[in-house]
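Here's a quick briefing on the model shown below. Have the viewer open and follow along strand by strand.

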Amino acid sequence: MNALEIRGLTKDYGAFCLRNLNLTLPSGCILGLIGENGAGKSTTIKLILDMIRKDEGTVTILGQDNQKNLPLLKQDIGVVLDEVGIPECLTPLQVGKIMAGTFTRWEEGLYRQYLGRFSLPEKKPFKELSKGMKMKLGLAVALSHHPRLLILDEATAGLDPVVREEILDILTDFTRKESHSVLISSHIVSDLEKICDYIAILHQGELLLCEEKDRLLETYGLLFCTREQLEDLEPGAVLGKKISPYGVQALVRRDLVPAGWNVSTVNTEELFIFLVKERG
């Protein structure tokens, strides 16, 4: 069973439209949703969580329709948004007591372990915590009711590299269990490249691609060539290009480039930049 299936998901705000989104997150995997600010990442997550109403399409979470069964599904979903929605007056200990009455599988001992692991001050009000501490508290809450699916929206944005690395390690550990899955959105592409099994790229509400990360890097590459050589390539070979007085750097499909041409490896960030710039 897939952890998440999205089919034909559409939300039209007029000035912005998320168009016909199709995504699948297999169980036991991490899917990274990449896009610049305003690409539609947060809109997608809000639609998944039924925080806003979709215009068209379906969202299936752990085999169930998200609108019909969301109250029950929330027990299986851990959510960490960019702004952790915890009242500023509450301390981490008080948060734990509230969550114990919210989630049927809440484990107070596990929550205390995460507070210790994250070096979170148990009695300090939420408003006095740093951004990194707030994010780690949100993650501690999300993990302590034994979710099967974690959904994180820009959870590493604005954090220092040490804290970001710590959070990425926790997500990797979480998915060691095959029934656990993660959807994480970010515009920090290097973070997602470290941990994700699948990469999806959004741009202006349109899904540009969604593939296994390893397959992406096998399928696409960077070609350095002349303008004349670029024109000799068959249609569909070039997905994006940079032209300078010194020649052309092009993002290409390896299988459509003639044998013997030197195609170098492309990383996820380069792939993202070429695709987005080509679309304008």
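D153 has S185 in β8 as its bridge partner, one of the pairings to look at in this predicted model. Another residue pair to find is I151, which sits opposite L183 in β8. β7 and β8 run parallel to each other, with 5 bridges between them.

**The mixed sheet**

- These strands belong to an open sheet of 6 strands with mixed pairing, ordered β6-β7-β8-β3-β9-β10.
- The edge places go to β6 (77-80) and β10 (206-212); each has a single partner strand, so one side of each has no neighbour in the sheet.
- Going from one strand to the next, the twist averages 15 degrees.
- On the β6 side, β7 makes another parallel pairing, this time over 4 bridges, and there I77 has L149 in β7 as its bridge partner.

**β7 from the inside**

- How many of the residues of β7 are buried? The count is 5 of the 5, so β7 is largely enclosed by the rest of the structure.
- L149, I151 and D153 point one way from the strand, while L150 and L152 point the other way, and all of them are buried.

**S181 in β8**

- S181 is part of strand β8.
- Is S181 buried or exposed? Its relative accessibility is 0%, so S181 counts as buried.
- Leaving out neighbours within four places in sequence, the contacts of S181 include A3, L25, P26, S27, G28 and C29.
- Also among the contacts of S181 are R148, L149 and L150, along with F174 and T175.

**Helix α6**

- Helix α6 (residues 161-174) has 14 residues, and at 1.5 Å a residue they should span 20 Å; the end C-alpha atoms are 20 Å apart, which agrees.
- Its buried residues are V163, R164, I167, L168, I170, L171 and F174.
- What covers the buried residues of α6? The cover includes the strands β3 (30-34), β7 (149-153) and β8 (181-186), and it also includes the helices α4 (108-117), α5 (131-143) and α7 (189-195).
- At the start of α6, look for D160: one of its side-chain oxygens comes to within 2.9 Å of the backbone nitrogen of V162.

**The antiparallel sheet**

- Another open sheet has 4 strands in the order β12-β13-β11-β14, and its pairing is antiparallel.
- Here β12 (238-244) and β14 (263-265) are the edge strands, with a single partner strand each, so one side of each is left without a neighbour in the sheet.
- The twist in this sheet averages 25 degrees from one strand to the next.
- β12 is joined to β13 (residues 247-253) by 6 bridges, and the two run antiparallel; look for G240 opposite L251 in β13.
- Which helix lies across β11 (220-225), β12, β13 and β14? That's α10 (residues 268-279), which runs at about 85 degrees to β12.

Technical notes:
Residues numbered from 1 in each chain as written. Predicted model: local features only at pLDDT ≥ 70, side-chain atom pairs only at ≥ 80, totals over all residues. Heavy atoms only, no water. Pairing = 2+ DSSP bridges. Axes fitted to C-alpha atoms, helices over the stretch in contact; angles between N-to-C directions. Contact = heavy atoms within 4.5 Å. Expected span 1.5 Å × (residues − 1). Buried < 20%, exposed > 50% of the residue type's maximum accessible area, 1.4 Å probe, protein only. Polar contact = N/O pair within 3.5 Å; in protein donor to acceptor, adjacent residues only side chain to side chain.
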